[in-house]
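Here's a quick briefing to read alongside the coordinates. Have the sequence and the 3D view open, and let's walk through a few spots.

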Amino acid sequence: MESGAGTGSGYVIAPRLLLSSAHVVPGLGERVSLFRPGQKDVWAGTVVWRGTPEGRDDAALVHIDDPAWLPPAGATARWGCLVTDRPGTPCESWGTPDVVQRSDRAVDTLHISGTLNPGDRYVGNRYVLNLTQHPPEPAADGSSPWGGMSGSALFCGDLLIGVITSDPAGRAHANLEAVPAYVLMHDPAFRTALADYAPDADTVLEPAEWQHLAEVTAPILSPGALLLAQRQVAPFRGRLAMMDDLHTWAEREGFDAWLLYGPGGQGKTRLAHHFASSLTAKGWATLWLRRTVGPEAVEALAAAAVPLLVVVDYAETRTSQVTEVLEAAARHSGGSAFKVLLLARTAGDWWRELQAASPIAEELLHGARAAALAPLEPVPGASRTEAYREAVHGYARYLPQVRSWRHHDWPTLAARLAPSGNASGTGPSLSSPDFQSALTLQMTALVDLLDLASRQPMPAAERTGTRSPAPDAQTVEDRLLLHERRYWTSRAAACGLTADLTIATLTEALAAALLFGAETRTEAEELLNRVPALKGQPADRLGAVSDWIASLYPTAAAGAWGALTPDRLAERFTGRHLQDHPDLAESLVHGTSDGQIFKFLTVYARAAAHPVFQHQLDHGLTALCVRNAALLACPAIEVATRTEAPQPLIDALEQIAKGNEILLADLKKFADRIPESSYNLAPFAARLAQSIVDRDRVLASESPDHLPDLAVSLKNLGTRLLVVWGSEQYEEVLALNREVVDIRRKVARDQSERSLVSLASDLNNLSGTLALLDRDEEALAAITEAVSIRRKFATRQTVEFLRPLATSLDNQAVILNSLGRIQEAASVIMEAVEIRRQVVLKDANRRIGLAASLHTASQILQRSGRMAEALDAVIEAKDVYEGLVEERPDAYRSNYASFLEDMAWMLWKLGLTEDALALIDECIEILDSLADGRCERHIYEDRLDGALHTQYWIANRSPEDAESGGSEDV
C-alpha cells in the first residue's frame with residue numbers, strides 16, 4: 001500500500017475494506033494506492049477511518065472503491081483477543097518489510113511467526129509479537145529492517161487480533177508491537193465505519209486461546225443457510241427491554257447464569273449474537289461453545305482473565321457439557337466477569353435436573369434467571385410490515401453469495417415485493433398469527449424472493465418419491481424445501497450419483513442422515529447401509545452418497561455431516577418423510593450409537609409436534625418405542641425431560657411399564673433415569689415406583705434378603721408421590737416412611753455400619769414427615785434416635801459422618817424449639833454449630849451449612865433470652881454469608897436476603913433501629929433484583945412485599961409492640 005504518508009502493509013477484512021496502520025495512510029477521505037505483491041494491478045481506495053498515527057489506536061480502514069477491484073473469495077475476518085494470562089500463544093503475520101526488499105526485484109513478502117505473552121505491554125494496550133525466528137539485522141543506515149511491515153494483520157490461528165504498528169527500541173528487532181483488536185472495537189467510530197463498509201462483518205471478539213472450542217459457521221451453499229441466526233442477515237429489531245436486562249445482568253461482578261428459552265424460531269440465537277456484539281466495546285470476549293468439546297477442553301475456561309460470555313445453544317440437549325462449564329466457572333478466580341447464557345426451547349425438567357446435577361451446579365444455578373422470550377412481532381401493523389421489508393432487502397443483499405442464485409437482479413426483485421408477500425398479491429397475509437415468529441417472517445421474505453426469481457414449477461423428476469403437500473397445507477417451510485430439493489438434485493448430478501441412484505433414494509438417505517447424524521465416516525456408511533434402498537450397495541457408492549450429503553451441508557467441526565438449517569426446516573422435512581415412509585425409522589434404529597438415538601428421538605418428537613402434522617406422527621413414534629423398548633426406553637426418558645412436546649414418548653413409557661414381560665431390573669433402571677425434579681414424567685414416575693414396590697413386596701415376602709430393596713423402593717415411592725401431589729399425600733408418605741424404618745430396624749439387627757447408616761437416614765426422613773404433620777413428639781423421638789446412631793460414627797471425625805450428624809442436630813433443635821423446650825434446643829443447636837465449624841476447617845465448601853446453623857442458633861438463642869450469644873451467632877453468620885455472596889452472588893443472595901430480614905428483627909428488638917433499617921434496606925435491594933427477570937418472579941415479589949412490611953414496622957413501631965404480639969402480624 002502506498003500513499004503520501006508512506007508505504008506499508010494491509011489486510012482485506014471484507015470484500016471492499018482493508019485494515020492497515022494510521023501512520024502509513026493519509027488523512028480521512030484521502031486516497032491511497034493498493035497492490036498485491038506479485039501482481040501488476042494497482043487499485044485506489046479512500047481512508048474512511050483513521051486512528052492516531054503512532055498513538056494508542058494506530059490503525060486505519062480503507063474503502064476499496066475502485067471499480068476494477070475484484071474482492072477475494074472467502075468470508076469476512078473473525079476478530080479475537082487474548083483471554084487468559086497464559087504465555088506463549090502462537091501468532092503470525094504477513095507483510096512487506098524492508099528486510100526482504102531488493103531494488104532489482106518486485107516487492108516481496110515475509111511470513112513471520114512468534115508468540116504472545118499477555119503481560120507484555122499490558123498497561124500500554126499493546127500486543128508484543130516475540131519472534132520465533134532469528135531477528136533481522138538493522139538496515140545499513142541504522143533504520144529498522146521492519147519498515148513496511150506496519151499495517152500487517154496479526155493472527156492467532158483464524159482470528160485477527162491486532163495490527164502491526166512498530167518495532168520497539170531496545171529489543172534488537174526481535175519484537176513487533178501491535179494495536180489489539182479490542183482497542184479498535186472500543187472506538188465507536190471504528191465500529192460505525194465497519195458497519196457502513198462491511199455490513200456482513202461481525203464485531204464479536206472470540207477467545208484466541210480457545211478458538212478450537214468455538215462453533216464455526218458453515219459456508220453458504222444453499223438459500224436455507226442464510227436463515228442461520230449467526231449470519232445476522234436481517235437487521236436486529238426490538239427487544240430493547242430484554243437487551244437492557246441482559247446488560248444489567250452482565251454488569252454484575254463474578255459469575256452469573258441466564259436461561260433464555262422459547263419456541264424454535266422465536267429469535268433466541270439472534271438476540272444472543274446481538275448481545276454478544278454489544279459487549280465487544282466493553283472489552284468482553286464471547287465463546288459460542290461447540291457441542292463436541294470434551295471435559296478436558298472445557299476445563300480451560302477457568303483461566304479466563306477478561307470478562308467472558310459463554311453461550312450454549314440447545315442447552316436442553318447438552319446438560320453434561322453445561323455442568324462441565326459450571327465446574328470450570330467454579331474454579332475461576334472471580335477476578336473478571338464470567339457469564340453463561342443458555343439458550344433452549346423450554347425451561348422444564350431438564351432445567352430442574354441441571355440445577356441438581358452436582359453440588360456446584362446447585363450452588364451456581366440457585367436463583368439463576370430463566371426468562372421466556374416473547375414473540376418479536378406480536379400484532380400486525382406497520383412494525384411487522386417494516387420487519388418483512390427489511391428482511392427482504394437483507395436476503396436480497398446476501399443471495400448473490402449462493403452459487404446457483406447469484407445471477408438474478410435481487411435489488412429489483414426485492415423492490416417488486418409487496419408487504420402482503422409477493423408482487424402478485426398471492427403470498428400469505430402478514431396479519432396471520434404465524435408471523436409473530438421472527439423466523440416465519442424472515443423465512444417468508446426469503447421464499448418470496450426465491451419464488452419471484454424462479455417462476456417455473458419444480459420439475460417432476462425432482463419430486464419423485466416425495467409427496468408434495470396439498471396447496472392448502474403448504475407452509476413456508478414446504479415452499480423453502482422445494483428450493484432446497486433443486487439444490488439437492490443439482491449437487492447429486494454434479495457428484496455423478498443420478499446415473500445409478502434415483503432422487504427418491506438419495507432423499508431417503510438424506511432423511512436418515514438428518515434424523516440420526518454420524519460422528520465418523522464409518523458410522524455414516526453403516527447408517528446409510530441400513531437405508532432400505534441402499535442396503536447391500538458397495539462401500540464406494542455408500543461413501544459417494546455420504547460425500548454428497550456432506551457437500552450439501554458440510555460440518556465445520558466433528559461429525560460426518562452438518563445440518564439442514566434452521567431446525568424447523570429439518571424437522572419439517574424429516575416429519576414429511578416419516579409421514580410418507582413410516583417404516584423407515586424401524587429399519588434405521590438398530591445398530592445406532594447412543595448419541596444417534598438421542599438425536600433421532602429429539603428430532604422425531606419435535607417434528608411430531610409441528611401443527612401441520614396434526615399429531616399424525618405421534619402414534620408412529622410411540623409404537624416404535626414400544627416395539628423397541630430395550631433399545632429406546634431409557635433414551636426416551638432422557639429426551640422426554642428435554643423436549644417441549646414429550647407426550648408420544650410418555651405414552652410409550654406408560655405402555656412399556658405395563659407390560660408383564662419387562663424385568664424388574666429394567667423397571668428400576670427406567671426409574672433411576674427419571675430425575676426427581678421431572679415435571680413431564682412425574683405422574684408416570686409415581687406409577688412406575690408403585691409397580692416396583694408391588695414386585696419388590698412379593699420378592700421380600702419370599703425372602704428376607706429382598707427387604708433392603710423393598711425399603712429403597714418404598715422410599716422412592718414416597719419421594720415420587722410428593723412430587724406429584726405435595727402436601728395432599730403427607731399421610732400416605734408417612735405410612736411409607738414408617739414401613740421403611742420398620743424394615744431398616746429388622747435389617748439393622750446385624751449392627752453393620754451400612755444398615756445403621758441407612759436406618760439413621762430414614763429416621764431423619766421420618767422425623768421430617770412427622771414434623772410437617774405437626775406430630776412433634778413423634779418427630780422428636782425419631783430424630784433423637786437418628787442423632788444417637790450418627791453420633792457413634794461421627795467419632796471418626798470425618799466430613800462424611802460429621803455433616804449428617806450436624807444435619808440431624810439442626811432438625812432436633814428445631815423440633816425442640818417447636819415443643820417449647822428452648823434451653824434444650826439451644827444446647828443442641830450450639831453443638832451443631834461447633835460440628836459445622838469442624839467441617840468447614842476440613843472442607844471450606846461446606847460454609848453454607850455453618851451459615852444456616854448459625855442462623856437457626858441466633859433465633860433459638862434469642863428466644864431463650866441469651867441475647868448476647870444470639871448477637872454473636874448472627875454476626876458470625878453474616879460474615880459467612882457475605883463471603884459466600886461475594887464469591888457466588890446468584891447462588892446465595894436469596895438465602896442471604898432471608899437472613900438479613902431475620903437479623904434486622906433481632907437488632908430492632910435490641911433497640912438498634914438504625915442498624916436494623918440498614919439491614920432491611922439491603923434485603924429489599926436484593927429481593928428487588930432477584931424478582932427482576934426470573935420465571936419464579938412472583939415468589940420473590942411476595943417476599944419483597946413482606947420485607948417492605950418489615951421495613952415499615954421497624955421504622956414506625958417500637959420493640960414493645962413486638963413484645964405485645966404486634967410483630968406476629970408481620
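What follows covers a helix pair, one asparagine and the cysteines. Keep in mind that this is a predicted model. A search of the whole structure turns up 0 disulfides, and helices α29 and α31 run roughly parallel to each other.

**The α29/α31 pair**
- Helix α29 spans residues 799–818 and helix α31 spans residues 847–863; their axes come within 11 Å and cross at roughly 25°.
- Angles under 35 degrees count as roughly parallel, so that's the label for α29 and α31.
- As for handedness, the crossing of α29 and α31 is left-handed.
- On the α29 side, the contact uses Asp810, Ala813, Val814 and Asn817, which meet Ser853, Thr856, Ile860 and Arg863 in α31.
- Sorted by type, the residues in this contact of α29 with α31 come out as 3 nonpolar, 3 polar and 2 charged.

**Asn737**
- Asn737 sits in helix α26, residues 730–747.
- Asn737 is buried, at a relative accessible area of 10%.
- Setting aside neighbours within four places in sequence, Asn737 is in contact with Asn765, Leu766 and Thr769.

- Cys625 is in no disulfide either: the nearest cysteine sulfur belongs to Cys634 and is 12 Å away.
- Cys625 counts as buried too, at 1% relative accessibility.

How values were computed. Residues numbered from 1 in each chain as written. Predicted model: local features only at pLDDT ≥ 70, side-chain atom pairs only at ≥ 80, totals over all residues. Heavy atoms only, no water. Axes fitted to C-alpha atoms, helices over the stretch in contact; angles between N-to-C directions. Helix = DSSP H or I, 4+ residues; strand = E, 2+ residues; numbered from the N terminus. Parallel < 35°, antiparallel > 145°, perpendicular 65-115°, else oblique. Left-handed = near helix turned anticlockwise from the far one by under 90°. Contact = heavy atoms within 4.5 Å. Nonpolar A, V, L, I, M, F, W, Y, C, P; charged D, E, K, R; others polar. Buried < 20%, exposed > 50% of the residue type's maximum accessible area, 1.4 Å probe, protein only. Disulfide = S-S within 2.5 Å.
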